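Thanks for passing this one along.

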There are 6 protein chains.
Amino acid sequence: MRLHLINPNTSTGMTTRIGESASRIAAPGTRIVATQPESGPVSIEGHFDEAISAVGVTEEIAKGERDGSDAYIIACFGDPGLMAARELTRAPVLGIAEAGFHVASLISTRFSIVTTLSRTGIIAEHLLQAYGFAHHCRRIRAAEIPVLDLEDDGDAALTRVIETCRRARDEDGIGAIVLGCGGMADLRATIEEAVGIPIVEGVTAAVKLAEALVGLGLGTSKHGDLAFPRPKSFTGHFAHLSR
Amino acid sequence: MRLHLINPNTSTGMTTRIGESASRIAAPGTRIVATQPESGPVSIEGHFDEAISAVGVTEEIAKGERDGSDAYIIACFGDPGLMAARELTRAPVLGIAEAGFHVASLISTRFSIVTTLSRTGIIAEHLLQAYGFAHHCRRIRAAEIPVLDLEDDGDAALTRVIETCRRARDEDGIGAIVLGCGGMADLRATIEEAVGIPIVEGVTAAVKLAEALVGLGLGTSKHGDLAFPRPKSFTGHFAHLSR
Amino acid sequence: MRLHLINPNTSTGMTTRIGESASRIAAPGTRIVATQPESGPVSIEGHFDEAISAVGVTEEIAKGERDGSDAYIIACFGDPGLMAARELTRAPVLGIAEAGFHVASLISTRFSIVTTLSRTGIIAEHLLQAYGFAHHCRRIRAAEIPVLDLEDDGDAALTRVIETCRRARDEDGIGAIVLGCGGMADLRATIEEAVGIPIVEGVTAAVKLAEALVGLGLGTSKHGDLAFPRPKSFTGHFAHLSR
Amino acid sequence: MRLHLINPNTSTGMTTRIGESASRIAAPGTRIVATQPESGPVSIEGHFDEAISAVGVTEEIAKGERDGSDAYIIACFGDPGLMAARELTRAPVLGIAEAGFHVASLISTRFSIVTTLSRTGIIAEHLLQAYGFAHHCRRIRAAEIPVLDLEDDGDAALTRVIETCRRARDEDGIGAIVLGCGGMADLRATIEEAVGIPIVEGVTAAVKLAEALVGLGLGTSKHGDLAFPRPKSFTGHFAHLSR
Amino acid sequence: MRLHLINPNTSTGMTTRIGESASRIAAPGTRIVATQPESGPVSIEGHFDEAISAVGVTEEIAKGERDGSDAYIIACFGDPGLMAARELTRAPVLGIAEAGFHVASLISTRFSIVTTLSRTGIIAEHLLQAYGFAHHCRRIRAAEIPVLDLEDDGDAALTRVIETCRRARDEDGIGAIVLGCGGMADLRATIEEAVGIPIVEGVTAAVKLAEALVGLGLGTSKHGDLAFPRPKSFTGHFAHLSR
Amino acid sequence: MRLHLINPNTSTGMTTRIGESASRIAAPGTRIVATQPESGPVSIEGHFDEAISAVGVTEEIAKGERDGSDAYIIACFGDPGLMAARELTRAPVLGIAEAGFHVASLISTRFSIVTTLSRTGIIAEHLLQAYGFAHHCRRIRAAEIPVLDLEDDGDAALTRVIETCRRARDEDGIGAIVLGCGGMADLRATIEEAVGIPIVEGVTAAVKLAEALVGLGLGTSKHGDLAFPRPKSFTGHFAHLSR
């Protein structure tokens, strides 16, 4: 299967790293195609960044449809454009926050989230409520690291993430932690070893869930809410989206 | 005050009509500036249309900031880009679904929504949950009219909306109805007269709520979740958004 | 418009102060008529005080109806008698807790409440749940000041309110604070300046929301739950209420 | 024990009937004292009636305290003045809606309510949410009988209640029905026989719950929210309430 | 009435102690029959212990049915086998967690739970949600005492429970505490005296609620969800359960 | 990997059929070992059947631990014994209701459940609430077929299931249907073809989710709530469980 992994930000380094993490965890028959939008923010740290990035996500889905992708992953913890993306394809589409929450709730009764910046906590909070996991998440903790510091100053960032995870483990009454940033995809094992409880990371979780859905022969329902968009005209820069 | 009314779709006819409705209801000191994005869908009838329209909404906010707008309204019932828009300004920003829900809950204990197409119901449902009005809305009913039919075939559309409102009035155990489309802004009084119970319409509701917030000297909080976006680079078509 | 502001307690000093705050924020065409019941508690600091005060509130509504009021505000943070009041009139009726919650949720994603006494917290908690804002309020904090100390020992009281607001700002992960007492109506600007984040105060918020509803031509729905009370006999002291 | 049963409306016939129902179900050592306020509505069919009746309820509690009551019941399905009443005494105080919901949830997984008038449904709905039983109640059905018709035209009213209960039994997926009016206290057995599933009636339920609490040596907590009212002055008709 | 009190664990000492507590609180006409399963865990401190104990609970119900029990209590704070037990009888069946929550919510607006081990907190949390009391419980606190230490090292255990209750009283904003273990049945009065706020204990609470239901002539509904089990074959050790 | 599929009822025919369905969907490296308890009910159609079956489920887990199972599935739609099972192993354990809900929520915004008997609906309802999917499930529909009729009278049963699914598709406003019985595992494709919208079946869903978790190197958390059971004695028939 062709698993199209979309990094919604435009940092190629992060795309590469996420793609490698995904490839390592993928099943033998899964080919990971990691891409990023041509246009958009270099990192996503709030609602505005997210809104802009959603356009790029949908463009990548459109490309993926032309190239025959079997499933899609949106590799940013706010799941930007997830519902829009689902309208565009019969294939399954997974957000990494969504994937992380689902997996964590299958191996623990309660979990915490450790994310980068506290200002993005509200996005996770909204998603927990919309997806149904509000009662399963005990606390959203921020390590207070800008996303790109995970790239640029990895060791210091890693130390802070581990410290935050340990506090969550000791104080939150939880069984697992969800890492709240796509940029932490390759750190899961290291953090888990340092913290000693299951650490769930969304990119890897989404890869395996995507394989599961494809294996089941199930994709996004085209009956009702997530049917293909109604044909219509778009104007200006978006004229090419007219159907 | 300068009240910037953003029609998130690119139908100029609708922008004009919405602007006129807003102007009629506005206080003497309120100047309505109705605009629409240059680029985007001609109507918004699903998640994809909404995701694309959010870009245009943020661009209109940016223009509004340059022009000194005192408040903003996003005049599409899905409130596309609302959180992103709020990050961009100290002024208040209101969505028309949000405005409609707030007003309806102040004059009735329970309300129903009458919207255009059933496929957009899920968007209203998600907003009701996020805003806190899930228990106040008894039912979301669709008149099954495409948005632009409100423009093109107004009489037939109006008849169906009124019929649907009457069923809501008689069957739902409600005190008020929220009209679920920006394109119905100028029909509120007609529908209310035909149905005989309070009809809340989001554009007009948002105008008065925006005036209320400005009158209070209150705008979008810049402390915490809705602070201005962190400065960063954007690439490609969105390079102009770099800060 | 005639905006009837009902102070549910019988402290004339507070009525005057609240009325002045309301008048300052009111639009040019709005005439504030601030009254208080003839009979009732001098302050409202619990369920019993509230239950008694509700009678006076309804009597003031009845007077207002005779005098042609266009809207009503119940200026106590527990919104005593709000539903009863709504049954008595076609005009809009707003509680100040309700108004504060609505406004705060329009300018922030999450807010805290700073109230007078911790024992009244449960009243706010019940209102948050009934109105739909339970998830939007992070925490209810009490400055532990009896209501009338706001009158008698204003400076000390103000200091404690400001300190409590600052703790809320720093610890609660919020964007705004709702002041939880009608007696704080004239302190909003001072507190906001001292705390540096948006401070929402219920009396002023209710004035502008009442103007908004009247501007929309919308009042309390008389269809269903809030229809006028069924005619019936009352006995004893309340015989004059027979209809 | 002295169990003070307060009929919040001023219909002496109903007080007598409710008192008899309570006496029939009471334990040998329980003395039922059924009273009604001197002042108030002859029936309670909405928020306004309820607000006025709450004053009388608190007056009856005050009398009961002087007379040494061991527990109180508020025998109107909206539980008017319940929280206020609890502030006034160390004894347990039960509302009959509350009692009915508790008992029904102990013998079934889901129940429906059959009440008198649909306009009072919202009151039950608010109580279900506040007490925690919103998910346990499948549906609130109204037989559309004014409260006093239960007195005046008992047979016709009974027939309609039974018909409504049968529909609930057959359509709602429930195990029990809660009768939603104090005036149905003496009809429980008849209705249960006619409908064939457990019928819970609030007055009788409250009698046994009150006996249970007294038997446990437990009464209204005076720690925190329900502590005795703070001493203060009352004015006018309510001057006698000054403490 | 014959009130069958089932201690779901197989510690005879605890059965005796619980039975004595129950007898002390029971009404004169109530005969407490305290039993325990022949087979099962000596204490219940997690989901596995609970699952096994549920079999013994149902066997005790079956015996009780043969012996003519009028009501049943399941005296373990996780209410193991409660729904299964209810299917087996027309008599009322009460869990002690359930009983404790109901009683606490009738005498306070908010309560905390003080239980033995923090690992059992999740069981209480699930029950609070299922029964509807999630909003009424502020906090679940563990004294970190294994269940049988209540038997073996009573004084030290009591001291820790009292300390934990005092912290709950001072920090949680509550009016009452629910003791979260059947083994604390005889400690209620001592703890209440030491802590100074109402302490609710499940075994005693369940005795009085069971008497209340029997007094009302109400038992487990056999209409719908809790009807007797469908007849069928069981195999192996459970062959005797075939119907 | 060794994937241990536990049919909680003791019908060998169903075990075989479920095992075959699981094997067909499993990845090449997954070996399905389908077993059933030696002791227990031949079908599970209520809480009592479920409680008894949970013992057998835990015994099968214990065997699986000795045999080196990498993951477990509990193949009954009530997920009997799921939490107990999780305490016994570091491997992931999935219930088929849980698996069905998770998968359905990844491919649709709202789903309905089509189950066998309406009396088991309450079990699904409780699970939806506990797992967080209460808002995602529009309706639970029963085809009113006893579980074993799926074995004995397959064609008639299939027809009724398909009819019920079609009604769900047309009336419920959903995107997918979850089949609510392990016995329908081999009918998924047939039903999906007949109904024309995605049909999610729990056994197959659980197989792929189990593979996903094993692929992620994640299993049941042993930190906190789901740690191994505390060592203790068991008596009687369960003496062999002493640790």
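**Notes on the chain contacts**

1. Let me begin with the strands. Strand 10 (residues 234-235) of chain A runs antiparallel to strand 3 of chain B, and two bridges join them. Strands here are DSSP runs (E, at least two residues), helices are runs of H or I of at least four residues, and both are numbered from the N terminus; two strands pair if DSSP finds at least two bridges between them. A:Thr235 has B:Gly40, in strand 3 of chain B, as its bridge partner.

2. A word on the basis of all this. This is a predicted model, in which local features need pLDDT of at least 70 and side-chain atom pairs count only at pLDDT 80 or more, while totals for chains, interfaces and linings use all residues. Residues are numbered from 1 along each chain as its sequence is written, chains are lettered from A and ligands numbered from 1 in the order in which they are written, and side-chain values use heavy atoms, with hydrogens and water left out.

3. Chain B can be laid on chain A by a turn of 180 degrees and a shift of 0.0 Å along the axis, with an RMSD of 0.0 Å (least squares on the C-alpha atoms of residues with pLDDT of at least 70 in both). That is the relation of a two-fold axis. Both copies use the same surface, as 98% of the contact residues of chain B recur in chain A.

4. Between these two chains, 45 residues of chain B are in contact (heavy atoms within 4.5 Å) with 44 residues of chain A. Together they bury about 3900 Å², 60% of it on carbon and sulfur atoms; buried area is the accessible area (1.4 Å probe) that two parts lose on being put together, summed over both. B:Phe48, B:Arg119 and B:Arg230 lose the most area in chain B, together 20% of what that side buries.

5. Ten salt bridges are counted between chain B and chain A (a side-chain nitrogen of Lys or Arg within 4 Å of a carboxyl oxygen of Asp or Glu). One of them links B:Glu45 to A:Lys232, with the closest N and O atoms 2.8 Å apart.

6. Now to chain F and chain D: four residues of chain F are in contact with four of chain D. The area buried there is about 340 Å², of which carbon and sulfur atoms give 42%. Two salt bridges are counted, including D:Arg110 with F:Glu125, whose closest N and O atoms are 2.9 Å apart.

7. Finally, no contact joins chain A and chain D, whose closest C-alpha atoms lie 16 Å apart.
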